[in-house]
Amino acid sequence: MEKKIDHSYLKIRGLSLHIAHIGTGELGTVVFVHGFPEIWYSWRHQMVAAAEAGFRAIAPDLRGFGLSQQPSNLENFSWEDLVADLLAILDSFHIPKAFFVAKDFGAKPVFDLALYHSDKVLGVVTLGVPPTVSSFCNSLPEGFYICRWREPGRAEADFGRFSVERVLRTIYILFSRSEVPIAKEGQEIMDLANSSTPLPWWFTDEDLAMYAALYEKSGFTVPLQIPYRTVAKNPSISNPKFEVPMFLIMGEKDYFIKFPKVEDYISSGMVRNFAPDLEITFIPEGSHFVQEQFPDHVNQLIVSFLMKHI
């Protein structure tokens, strides 16, 4: 029988954060950091696998997401808050160092953690996002989903035409494709898929219901704030370089690889200028949600990396 994931609430820097956790941690701790439109639940398969391998697995709902409390002042919301939250979670569990697994925008605070607090990081695994100290979100066309969602209120107006479940269904459909979601003039992002478009084969109605229930609670404004509307600061150190072991798992059908310069950054080896101790594995049919699409394969890759670096 599959092990049960436990749930707790921690008071972290003035907010109540929801933490999913499993495992006793004889071999150490792995912290899983979600992206958008995800929550702790997107790591359910990997958490169980890490626990069965002897690790404690921890997956927070980041501030403002899922069952975690929302900050009251969005203007002061920053990427640095997410880094500080992750450090405070380690302290709350009395964990001196941990592995981190992240995807989508969740990779950004983990990269910052590895750069500025490497003494807390045993190693980093990212899904779909190569180690970087800058953004790949420059020079994007106007209809690009990031440009649309960057504009305060635009995504909310677009999403507001539909139920929360329909919005999440559409985002999962769009983000599972190999093409970047780009709307035409006079079209919104939600118009890029209709109600008859099937869900990806690996994403069930039960999964959709789980996500929808939590986004019903949180709404979309706060979850959209960090990844799309908060400006990241440039690195404050010269010649930034990651000194910890890193592992990139890249789905070959992940639309992110079609962002400007991403594929060349990886294939040219430029990424190793910033992450000299880097392994890269491509999964041929892997999408943006490769950890939910091919959980057994991804679990095996992650656990293998962890065992190499304990």
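Biologist: Does α2 pass α3 in a left-handed or a right-handed crossing?

Modeller: Right-handed, in this predicted model.

Biologist: How is a pair of packed helices described?

Modeller: You give two things for packed helices: the angle between their axes and the distance between those axes. Here, the axes of helix α2 (residues 79-92) and helix α3 (residues 107-116) cross at roughly 65° and come within 9 Å. That makes α2 roughly perpendicular to α3, because the class runs from 65 to 115 degrees.

Biologist: Which residues of α2 and α3 make the contact?

Modeller: From α2 you have Trp-79, Leu-82, Val-83, Leu-86 and Leu-87, and from α3 Lys-108, Pro-109, Val-110, Asp-112 and Leu-113. Sorted by type, the residues of this contact are eight nonpolar, two charged and no polar.

Biologist: OK, now the rings. What describes an aromatic pair?

Modeller: The distance of the centres and the angle of the planes. The count in this model is 35 aromatic pairs. Take Tyr-145 and Tyr-228: their centres are 6.2 Å apart and their planes sit at 75°, so the pair is edge-to-face. Tyr-145 belongs to helix α4 (residues 145-150) and Tyr-228 to helix α8 (residues 221-229), so the pair ties together parts 83 residues apart in sequence.

Biologist: Are Tyr-145 and Tyr-228 buried or exposed?

Modeller: Buried: Tyr-145 has 3% relative accessibility, and Tyr-228 has 6%. Another pair, Phe-175 with Tyr-255, is tilted, with 5.1 Å centre to centre and 50° between the planes. Phe-175 and Tyr-255 are both buried too.

Biologist: Which aromatic cluster do these rings belong to?

Modeller: One whose members include Tyr-145, Phe-175, Tyr-228 and Tyr-255, along with Phe-36 and Trp-149.

Note on methods. Residues are numbered from 1 along each chain as its sequence is written. This is a predicted model: local features need pLDDT of at least 70, side-chain atom pairs count only at pLDDT 80 or more; totals for chains, interfaces and linings use all residues. Side-chain values use heavy atoms; hydrogens and water are left out. Axes are lines fitted to C-alpha atoms, for helices over the stretch in contact, and angles run from 0 to 180 degrees between N-to-C directions. Helices (H or I, at least four residues) and strands (E, at least two) are DSSP runs, numbered from the N terminus. Angles under 35 degrees count as roughly parallel, over 145 as roughly antiparallel, 65 to 115 as roughly perpendicular and the rest as oblique. A crossing is left-handed if the near helix is turned anticlockwise from the far one by less than a right angle, and right-handed if clockwise. Contact means heavy atoms within 4.5 Å. Ala, Val, Leu, Ile, Met, Phe, Trp, Tyr, Cys and Pro count as nonpolar, Asp, Glu, Lys and Arg as charged, and the others, Gly among them, as polar. Rings of Phe, Tyr and Trp (its six-membered ring) pair if their centres lie within 6.5 Å; planes under 30 degrees apart count as stacked, over 60 as edge-to-face and the rest as tilted. Buried means under 20% relative accessible area, exposed over 50%, partly exposed in between (1.4 Å probe, protein chains only).
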